[in-house]
Amino acid sequence: MFADAFAFIVDPSNWSTDTGIGHRIAEHLWYSFLAVSLAAVIAIPLGLAIGHLRRGEVVLVGAVNAMRSLPTLGLLTFLVLLLGLGLLPPILALVLLAIPPLLAGAYAGIANVDPTVVDAARAMGMTEPQVLMRAEIPNALPLIIGGIRNATLQVIATATVAAYVNLGGLGRYIFDGLALYQYDRVLVGAILVAVLALILDGILALAVRASVRPRPQRAQRQRRRRRPLLRPAGRAG
């Protein structure tokens, strides 16, 4: 079965058609991009506001825990019965899946900013929006991007449910393989989803690392190490 799945993936003829692997990957990425983008528009501003104002934390924790407990496939079935077939039900289900990690990342990033940084910004005469934009968000970027990373991985792994309502994506191999008892095709879908998730996780991990601001003490130590050592001149004679 693994040999058949590998042979299917490396066969160039399975990449060039309208229903080939390349097209399915593009569909999968499109569904995931839509879901994460819509969830970010909702969750990140809300998390930033709650973290900055320090109000609504109890409601935030309850909402995040409740949304994480929702079964995506059951929610998708309910949305299909409510809205009918199409792109909207799976996108809504994926949006609800992506909101909790985005919301938690944005809130945790702002809440963990050093209070002395916020106090110094206010002492300089900054308004509250300026404090948020210039002081808090730059220091909270690693956790915010970390929330985007977690949400992206969850959505990439779950976007296969789009094939459950006759849409495309890599889930097409999984559902069609189960229907036709072709388990090598099911394995093809699982392998491609795993590889795609690993690639995006690596890219976002680099983004998290790039967003980390160096500490002043560490930067000062690095500058000191790079300075050439000045030796005192010897006395003549």
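The mean pLDDT of the protein is 86, and 90% of the residues score at least 70. Here pLDDT is the predictor's confidence in each residue, on a scale from 0 to 100. Contact means heavy atoms within 4.5 Å. Where pLDDT is low, the predicted coordinates should not be read in detail.

The model is predicted: local features require pLDDT of at least 70, side-chain atom pairs count only at pLDDT 80 or more, and totals for chains, interfaces and linings use all residues. Residues are numbered from 1 along each chain as its sequence is written, and side-chain values use heavy atoms, with hydrogens and water left out.

The protein contains 10 helices and 0 strands. Helices (H or I, at least four residues) and strands (E, at least two) are DSSP runs, numbered from the N terminus. Along the sequence the pattern reads α-α-α-α-α-α-α-α-α-α. Of the contacts with a separation of 6 or more, 74% join residues 24 or more positions apart. Of the 237 residues, 39% count as buried. Buried means under 20% relative accessible area, exposed over 50%, and partly exposed in between (1.4 Å probe, protein chains only). The protein exposes about 14300 Å², of which carbon and sulfur atoms supply 65%. Areas come from the Shrake-Rupley method with a 1.4 Å probe; for residues, only the protein chains shown count as cover.

Helix α1 (residues 2–10) packs against helix α9 (residues 183–211): their axes come within 8 Å and cross at roughly 60°. Axes are lines fitted to C-alpha atoms, for helices over the stretch in contact, and angles run from 0 to 180 degrees between N-to-C directions. The crossing of α1 and α9 is right-handed. On the α1 side, the contact involves F2, D4, A5, F8 and I9. Their partners in α9 are D184, R185, L187, V188, I191 and L192. The residues of this contact divide into 8 nonpolar, no polar and 3 charged. Nonpolar covers Ala, Val, Leu, Ile, Met, Phe, Trp, Tyr, Cys and Pro; charged covers Asp, Glu, Lys and Arg; the others, Gly among them, are polar.

Helix α8 (residues 171–180) has G171, R172, Y173, I174 and G177 buried. The cover over these buried residues includes α1, α2 (21–53) and α9. Just after α8, Y181 adopts a positive phi of about 60°.

E27 lies in helix α2. E27 is buried, at a relative accessible area of 17%. Leaving aside neighbours within four places in sequence, E27 is in contact with G168 and G169. E27 and G169 are separated by 142 residues in sequence, yet their C-alpha atoms are 4.8 Å apart.

Two loop residues also have positive phi. Most residues other than glycine have a negative phi. R54, in the loop between α2 and α3 (57–68), has a positive phi of about 60° although it is not a glycine. R54 is partly exposed, at 39% relative accessibility. N166, in the loop between α7 (128–158) and α8, has a positive phi of about 65° and is likewise not a glycine. N166 is exposed, with a relative accessible area of 61%.

Notes
A crossing is left-handed if the near helix is turned anticlockwise from the far one by less than a right angle, and right-handed if clockwise.
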